[in-house]
Amino acid sequence: MALPLHATTGERIWHYTFLLICVLIFGFLIIPILIIFPLSFNAQPYFTFTPEMLALDPAGYTTKWYGEFFSSSTWQRAVRNSITIAIFSTLISTFLGTLAALGLSRKEFPYKTAIMGLLISPMVVPLIISAAGMFFFYSRLGLQGTHIGVILAHAALASPFVVITVTATLVGFDHSLTMAAASLGSSPTRTFFRITVPLITPGVISGALFAFITSFDEVVVVLFVGSVNQRTIPWAMFSGIREQISPTILAVATILIIFSIILLTMIEMLRRRNERMRGLSAA
Amino acid sequence: MAKKMSQSNTSSEPLKTADGVSLKVSLNRALRRRKITALLLVTPLFLFILLTFLGPIFDMLLRSVDNKIIVQVLPKTVSQLAVWDASTGELPDEAVFKAFVEDAKIAAENKTISRVGKRLNYEKSGMSSLFRKTGRKLKKFDPDKLEISYTDLVLGYDKKWAKHETWWLIQRESGKYTSSYYYAAVDAQIGVDGVQRKPDDQRIYMKLLKRTMWLSSLITLLTIVLGYPIAYLLATLKTRTSNLLMILVLLPFWTSLLVRTSAWIALLQREGVVNDFLVTLGFIGDDGRLAMIHNQVGTVVAMTHILLPFMILPLFSVMKTISPTYVRAARSMGATSFTAFRRVYFPNTVAGIGAGGILVFILAIGYYITPALVGGTSGTLLSNFIAYHISTSLNWGLAAALGTILLMVVLVLYILYDKIVGIDNMKLG
């Protein structure tokens with residue numbers, strides 16, 4: 001991207017214009033996220049900067065919205081619901097998704113594209129359609145308005161992410177390693193647990209993180225399949241924005257951003273570790 | 001054993017394994033076993049998806065044509081009406097009215113009659129109240145004290161029973177399945193003399209579908225325009241710098257949808273950050289604050305922001321594979337940097353634009369949350385109406401029909417995506 005020494009004036013001008021355009025687009029991407037941090041400390045119950053805030057006057061800032069979040073029983077119940085639902089749906093989707101990925105990545109697998117297409121469909125079908133279908137179907141089964149209903153729904157929505165991530169890990173999988181183990185007399189089970197599992201673990205964990213965040217972030221399906229007892233954080237935010245906007249929502253948003261930064265870092269570290277391990281196994 | 005071995009080596013007999021089974025058979029058997037293991041590994045997830053996801057989708061498809069209620073609640077009426085020739089323009093005969101009174105009296109007692117009324121009300125307004133009123137009167141009716149004909153009895157309950165159209169409607173909707181929800185979903189209605197388009201002011205859904213398509217296309221175009229330079233920059237920078245800048249793309253990608261939507265509300269509302277900023281700078285007066293939210297502008301801006309990473313990531317992975325030597329070669333042969341870009345670099349990225357474009361379009365067309373929060377009335381999409389019919393108007397058949405239409409559009413795009421990128425090549429983050 002560096003400008004060559006022989007660049008003409010026109011090229012120089014274009015180069016810097018291009019960089020300026022990129023800075024503006026990056027600004028568009030990131031400013032809405034960053035703006036939430038200071039606004040969540042606003043002493044006034046508005047979604048904007050007050051003159052005191054701009055003057056950096058400490059009186060313009062407060063942490064009371066965070067206090068409200070941590071002391072409100074509605075929010076705390078939403079946190080508990082979100083975590084319970086996300087954990088159980090992650091467990092289900094990770095277990096089933098990893099098994100399926102192991103099967104799908106075998107060369108011998110018949111009708112691979114068609115089955116892969118069906119398994120991935122929960123990710124592609126618009127959420128409102130999944131939500132509508134699940135609402136009708138789960139009401140018939142008596143699962144509408146139960147934790148189990150929401151957990152099953154989220155597990156279905158999250159499983160494609162696990163399948164895709166683990167399959168991607170297995171693409172680079174060196175099958176001569178398992179063959180070597182077999183030729184040295186290891187049983188298939190032993191080979192699986194001693195060779196395959198350690199190699200795919202990073203992929204499985206990042207798949208699980210994807211699944212977790214899918215469930216944790218999901219709101220459309222939970223709105224329809226769940227009832228007030230399954231109210232999750234995104235649901236509480238959704239109705240909060242609709243009914244009475246208070247900066248508590250921005251405080252929650254800030255906490256969620258920090259949470260997603262942590263998850264993002266974890267996934268990135270796993271990806272690097274996975275690449276390193278693949279580099280080792282290929283050598 | 002030894003004899004067998006030597007035989008197989010010398011003669012033209014097929015090769016055999018130590019157990020004396022032909023090698024071909026044995027290999028085939030091993031292959032079949034591996035196939036079965038592979039299938040067994042996929043089966044649990046497949047069944048799970050079938051039950052928790054594909055079943056519900058199928059249920060929705062069924063519900064969009066389901067019409068059991070009338071034949072269930074008014075079975076005798078339906079079978080009597082089957083022989084009535086509606087084209088004569090005359091009311092049905094006494095037998096139909098008798099059957100109707102019998103059916104409706106039972107239905108009024110089990111309180112199912114209002115459901116028929118509700119069902120028919122989707123086709124013609126006023127039906128709901130007609131059936132409720134008739135049900136109330138029939139409850140008190142005692143067949144033994146009947147002195148007039150059944151026809152006169154029913155006609156006396158409400159003028160609407162004397163209308164040919166009422167009976168024609170019951171006859172039309174007496175099948176187990178109906179296509180009327182789909183007609184409603186494309187703003188058509190079935191009249192006595194065939195299918196017609198609804199009057200102009202009642203055509204909502206086609207307009208809505210058009211708006212959904214148009215806004216989704218606009219958002220897709222905007223993400224291409226904004227995403228292309230960023231992907232290009234990230235793909236051509238040194239890995240260390242580009243990894244760092246990638247965080248600016250991935251952080252919004254990983255941030256909760258509702259967080260980003262509330263951020264845009266904070267930015268765009270009347271008393272919001274952008275308006276305050278513009279007023280402070282003097283671009284607009286305090287009374288001239290721009291309306292950027294609860295309308296189409298809000299929907300487009302917020303959704304472009306939310307979907308932009310979905311464009312940048314596939315574009316970036318395509319651009320990463322384009323060797324810089326291509327452009328250098330073009331330049332060395334005398335192409336200006338613009339020509340080299342237009343004739344060499346850009347054609348190589350078209351697949352990425354296609355992949356990202358379809359992905360963003362598929363996501364945009366089914367968006368619900370963001371338009372519901374920042375779209376107002378002019379910025380709502382088809383999804384919002386599906387949600388409205390599920391939870392507010394309770395016209396589930398119409399919701400299912402609209403959902404099915406949306407699903408078909410998405411499926412076509414999905415197949416297109418598979419043709420361009422391949423589902424197997426889908427990558428995340």
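Is B:K16 buried, exposed or partly exposed? B:K16 is partly exposed, because 18 other C-beta atoms lie within 10 Å. (A residue is buried if 20 or more other C-beta atoms lie within 10 Å of its own, exposed if 12 or fewer, and partly exposed in between, with C-beta atoms placed from the backbone.)

A word before the views: this is a predicted model, where local features need pLDDT of at least 70, side-chain atom pairs count only at pLDDT 80 or more, and totals for chains, interfaces and linings use all residues. Residues are numbered from 1 along each chain as its sequence is written, while chains are lettered from A and ligands numbered from 1 in the order in which they are written.

View 1. You'll find B:K16 in the loop between α1 (2–10) and α2 of chain B.

**View 2. Where chain B meets chain A.** Chain B puts 76 residues into this contact and chain A puts in 80. (Two residues are in contact if their C-beta atoms, placed from the backbone, lie within 7 Å.) On the chain B side, helix α2 (residues 23–63) gives the most, with 20 residues. Sorted by class, that side of chain B has 53 nonpolar, 14 polar and 9 charged residues. (Ala, Val, Leu, Ile, Met, Phe, Trp, Tyr, Cys and Pro count as nonpolar, Asp, Glu, Lys and Arg as charged, and the others, Gly among them, as polar.)

**View 3. The largest nonpolar core.** This core has 168 residues, and those touching the most other members are A:A131, A:A132, A:V221, A:V225, B:L307, B:I369 and B:L402. (A nonpolar core is a set of buried Ala, Val, Leu, Ile, Met, Phe, Trp, Tyr and Cys residues joined through C-beta atoms within 7 Å.) Zoom in on A:A131: leaving aside neighbours within four places in sequence, A:A131 is in contact with A:V220, A:V221, A:L223, A:F224 and A:V225.

**View 4. Helices α4 and α11 of chain A packed together.** Here α4 (residues 73–104) and α11 (residues 233–243) of chain A pack at an angle of about 140°, and their axes are 7 Å apart. (Axes are lines fitted to C-alpha atoms, for helices over the stretch in contact, and angles run from 0 to 180 degrees between N-to-C directions.) That angle makes α4(A) oblique to α11(A). (Angles under 35 degrees count as roughly parallel, over 145 as roughly antiparallel, 65 to 115 as roughly perpendicular and the rest as oblique.) On α4(A), the contact is made by A:T74, A:W75, A:A78, A:V79 and A:S82, and on α11(A) by A:I233, A:W235 and A:A236. By class, this contact has 6 nonpolar, 2 polar and no charged residues.

**View 5. The two domains of chain A.** Chain A splits into domain 1 (9–60) and domain 2 (74–282). (Domain bounds come from an automatic or database domain assignment.) The centres of these domains of chain A, taken over C-alpha atoms, are 33 Å apart. Between them, 8 residues of domain 1 of chain A are in contact with 8 residues of domain 2 of chain A. The domain 1 side of that contact in chain A has 6 nonpolar, 2 polar and no charged residues.

**View 6. Positive phi at B:K111 and B:H294.** Most residues other than glycine have a negative phi. B:K111, not a glycine, has a positive phi of about 60°, and B:H294, also not a glycine, has a positive phi of about 60°. B:K111 is in the loop between α5 (94–110) and α6 (113–121) of chain B, and B:K111 counts as exposed because it has 10 C-beta neighbours inside 10 Å. B:H294 sits in the loop between α14 (273–281) and α15 (296–320) of chain B, and is partly exposed, with 19 other C-beta atoms within 10 Å.

**View 7. The loop residue B:T380.** Look for B:T380 between α18 (369–374) and α19 (382–391) of chain B. B:T380 counts as buried because 21 other C-beta atoms lie within 10 Å. B:T299 is 81 residues away along the chain, yet the C-alpha atoms of B:T380 and B:T299 are separated by 7.9 Å.

Notes. Helix = DSSP H or I, 4+ residues; strand = E, 2+ residues; numbered from the N terminus.
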